[in-house]
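Have your viewer ready and follow the stops in order. Each stop says what to select and what is there.

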Amino acid sequence: MNKTKLFINENKERFLDELMALLRIPSVSADSSFSKNVENCAEVLSQNLISIGLSNVKVYPTMGHPIVYGEKIIDPSLPTILVYGHYDVQPADPLELWDSDPFDPVIKPTDIHPEGAIFARGSCDDKGQMFMHVKAVEAMIDSEELPCNVKLMIEGEEEVGSANLGEFVKNQKDLLKADIILVSDTGMLANDTPSITTGLRGLSYVEVELTGPNRDLHSGLYGGCVANPINILCDMISSLQDENGKITIPGFYDQVLTLSQEERTEMAKAPFSNDEYCKALDIDETKGELGFSTMERGSIRPTLDVNGIWGGYTGEGAKTVIPSKAYAKISMRLVPNQDPIQITQVFSSHFESIAPKGVRVVVTPYHGGEPAVTPVDSIGYKAASEAYEKSFGKKPIPIRSGGSIPIVAMFEKELGLKTVLMGFGLDSDAIHSPNEHYGVFNYYKGIETIPYFYESFTKLST
Ligand code: BES
Ligand code: MN
Ligand code: MN
């Protein structure tokens, strides 16, 4: 991979400029007023795939946002790597909390990224990380050092639950035939502590609606006499966790796979400081399920969190009112072997059962996704480990992540393929938050590491 490395070094500036151009397209998948930009982003990306020498490049329309595909088949008898990523981004809101325009990237140094970080929505999640693959493949093709076949599939709906990608994968099994799936859409521990994500949590996401009286009421005339849906909703939500941080929904933990003491001891070896964690978030103390460390709570244990809660009067000043309705959005992060459909069911029936007389409850399920794990003794993991070792000079640590990429479990089910998660982001990169950024170091390090994966994976599987 010597020529590849040289090519990367000679084209660093351009690689960065091209990413910046991609970041200027506001491809927000959740908001339909951005859909022209989402389509445009797919188009620009596909042009880039053509320009680096991929064949069969196509923008596949879906019921939602399009999927961009391209491939380079050098020899059908060689292994094939299928790269997955997403070009859609989360909404940038709240805009007033950004120090610069979320869609006009700027490079600024930070404490953690002294060599500079790119500030823009999607810089880390996932345009920056996805584009590392495009540039790494370009470098290998141009240097004539691509050791195997590669297929790239970049979707535009990951941030809204990948609703149409599952269908595409089911219908395009031939097109997507491969030996491994490679994804950079996760993080690592620190720039001097490389790690590989070996697990993702699943997700069950619901909205609940409580209805009390048939109209908003004067809180003086009716207060104290009728059930206030917001008060009731608060009671109901707080009863979902006990004083030990255990979720009280019957059946919730039934399928949870617990880790052996050895596995937990192994996990605890990863460098982690609870104090620094608190300091970074400006909190006095961490909080969670009794008997588990912060790292465990955030990765190998299931959780339940309110993501939003509203109802009644929230405008300026005071309005004395008992609302007719109250709402909340609730997410449950799931671990192996919890089934999102079953969890949504036990949630719904429990939540309906604890509602007192005087309110009516409707639970609406949103997207979900299954958890996933990558075994450390697989060829894919070994190849990734060798690749990090070459570029970082250190053996990476296996880490289970708390986030979700629902399509990973789908890949396994539909294509029978395991996914290797080579993420280069940091938790402090503020993905989904204002001032999202991605280290310039991380961007280049990713581009440098990826070709080593190709080399090792090809060697290990032939
Ligand atoms: N890239 C993230 C997931 C992620 C980030 C996993 C960091 C591990 C480490 C992805 O884009 C994402 O945000 N997923 C959503 C789920 C989706 C269904 C909206 C999530 O985890 O909330
Ligand atoms: Mn992502
Ligand atoms: Mn995301």
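**Stop 1: the metal site**

Select Asp125: this aspartate bridges the manganese ion (ligand 3) and the manganese ion (ligand 2), which lie 3.6 Å apart. Aspartate 125 sits in the loop between strand 5 and helix 4, and glutamate 159 in the loop between strand 6 (149–155) and helix 5 (165–171), so the pair ties together parts 34 residues apart in sequence. Helices (H or I, at least four residues) and strands (E, at least two) are DSSP runs, numbered from the N terminus.

This is a predicted model: local features need pLDDT of at least 70, side-chain atom pairs count only at pLDDT 80 or more, and totals for chains, interfaces and linings use all residues. Residues are numbered from 1 along each chain as its sequence is written, chains are lettered from A and ligands numbered from 1 in the order written, and side-chain values use heavy atoms, without hydrogens and water.

Now show the manganese ion (ligand 3). Asp125 (OD), Glu159 (OE), Glu159 (OE) and His432 (NE2) coordinate it at 2.1 to 2.5 Å. Donors are N, O and S atoms within 2.8 Å of the metal (3.2 Å for Na, K and Ca); water is not among the atoms, so sites may look incomplete.

Check burial next (buried: under 20% relative accessible area; exposed: over 50%; partly exposed: in between; 1.4 Å probe, protein chains only). Aspartate 125 counts as buried at 6% relative accessibility. Glutamate 159 is buried too, at 13%.

**Stop 2: helix 2**

Select residues 12–23, which form helix 2. Phe15, Leu16, Leu19, Met20, Leu22 and Leu23 are buried there.

Conventions: The expected span of a helix is 1.5 Å times one less than its number of residues.
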